[in-house]
Amino acid sequence: MTRLSIISATWTPRAVVCATALALLGACASPDPALTRAAPYDPFEESNRINHENSKRVDRAIIRPVAQGYSAIMPDPAETAISNFATNLSLPGAMVNSALQGNGVGMTSDFYRFLVNSTLGLGGMIDVATKLNMPAATDADFGQTLYTWGVNEGPYIELPLLGPSTSRAVAGRVVDLFTNPLGYVIEEPEIYYTTTARGARALTGRGRYSESINSVLDDSADSYAATRSLYLQNRRYKVGRGGSDAYLDPNDTTGSDAATQAVRPAVSADFEDPYEQ
């Protein structure tokens, strides 16, 4: 590979990151419509519902049985080790986002967690940091970074197969493809091991929380509305709005009465999207 191609491969993702961030920063000037209305901000509901139903079909036919089979076949220690390995590899990306958010404490704690687990934890397969009572991983992402920069949440979006999101979170996912420094260090074929580990972690999450996820998808009167509500509450809690009106039920469309409701408690982690890893 020539020096020119190396520079091009390095700077092209950076250009994408910068262009995405600059475009989203234009949304900072006006109030966030997603948080200034009683009903959820869902202008794409018709297409979102189509994507939701298609995703449910794929989940029932492929993802759910594969996840359950994976959890049944894999020994629990091995399954946990693979998930730990994938989580450890995500820490450098979280460090970058903590730095962009001005969170020096979070960046430092993630650095020491990564250092300890990568060495004493055999590449991250053993979560030694947690056993040593070190601070939990920040799990910082670029969607959170955009929030700290004042970018609006934007409309709710149901992505095909990837599940619930918002326009801000979608942009964050795209940028996060390029923010992890390990992506520029690990070469082929090793880079495929990390991708496989992340996929296995997603299957672990789908298998472990199968009962809760299935109850939302199969037993809810309106699984789309239930999924939307749970996702928005969890996501808003993650980006730091745990004590605000972001906890009003997005399904409550009674108008101003909703604004006077008490702040709701955090939603159980069992309802977090297992594919948002």
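I began with A129 and its neighbours. Setting aside residues up to four places away in sequence, I found that A129 touches R113, V116, N117 and M134. A contact here means heavy atoms within 4.5 Å. A129 lies in helix 5, residues 128–131. Helices (H or I, at least four residues) and strands (E, at least two) are DSSP runs, numbered from the N terminus. Is A129 buried or exposed? A129 is buried, because its relative accessible area is 0%. Buried means under 20% relative accessible area, exposed means over 50%, and partly exposed is in between (1.4 Å probe, protein chains only). I also checked A129 against S118, 11 residues apart along the chain: their C-alpha atoms are separated by 9.9 Å.

A note on what I am reading. The model is predicted, with pLDDT of at least 70 needed for local features and 80 or more for side-chain atom pairs, while totals for chains, interfaces and linings use all residues. Residues are numbered from 1 along each chain as its sequence is written, and side-chain values use heavy atoms, leaving out hydrogens and water.

Next, the whole chain. I counted 10 helices and two strands. Along the sequence they follow the pattern α-α-α-α-α-α-β-β-α-α-α-α. The chain has 277 residues, and 40% of them count as buried. Of the contacts with a separation of 6 or more, 68% are between residues 24 or more positions apart. The accessible surface comes to about 14,600 Å², and 63% of it belongs to carbon and sulfur atoms. Accessible areas come from the Shrake-Rupley method with a 1.4 Å probe; for residues, only the protein chains shown count as cover.

Then I looked at a helix pair. Helix 2 (residues 45–73) packs with helix 10 (residues 223–238) at an angle of about 100°, with the axes 10 Å apart. That makes helix 2 roughly perpendicular to helix 10. Among the residues in this contact are E45, H52 and K56 of helix 2, with Y224 and R228 of helix 10. Axes are lines fitted to C-alpha atoms, for helices over the stretch in contact, and angles run from 0 to 180 degrees between N-to-C directions. Under 35 degrees counts as roughly parallel, over 145 as roughly antiparallel, 65 to 115 as roughly perpendicular and the rest as oblique.

Salt bridges came next. One needs a side-chain nitrogen of Lys or Arg within 4 Å of a carboxyl oxygen of Asp or Glu. By this rule I get 12 salt bridges. How far apart are the closest N and O atoms of R60 and D218? They are 3.6 Å apart. R60 sits in helix 2 and D218 in helix 9 (residues 210–219), 158 residues apart. R60 is partly exposed, at 42% relative accessible area. D218 is also partly exposed, at 35%.

D218 meets R64 in a salt bridge too, at 3.0 Å, N to O. R64 is in helix 2, 154 residues from D218. R64 is buried, with a relative accessible area of 14%.

I then turned to D141 and R235, whose closest N and O atoms are 2.9 Å apart in their salt bridge. D141 is in the loop between helix 5 and helix 6 (142–148), and R235 is in helix 10, 94 residues away. Both D141 and R235 are buried. Elsewhere, shared partners join D59, R60, R64, R206 and D218 into one salt-bridge network.
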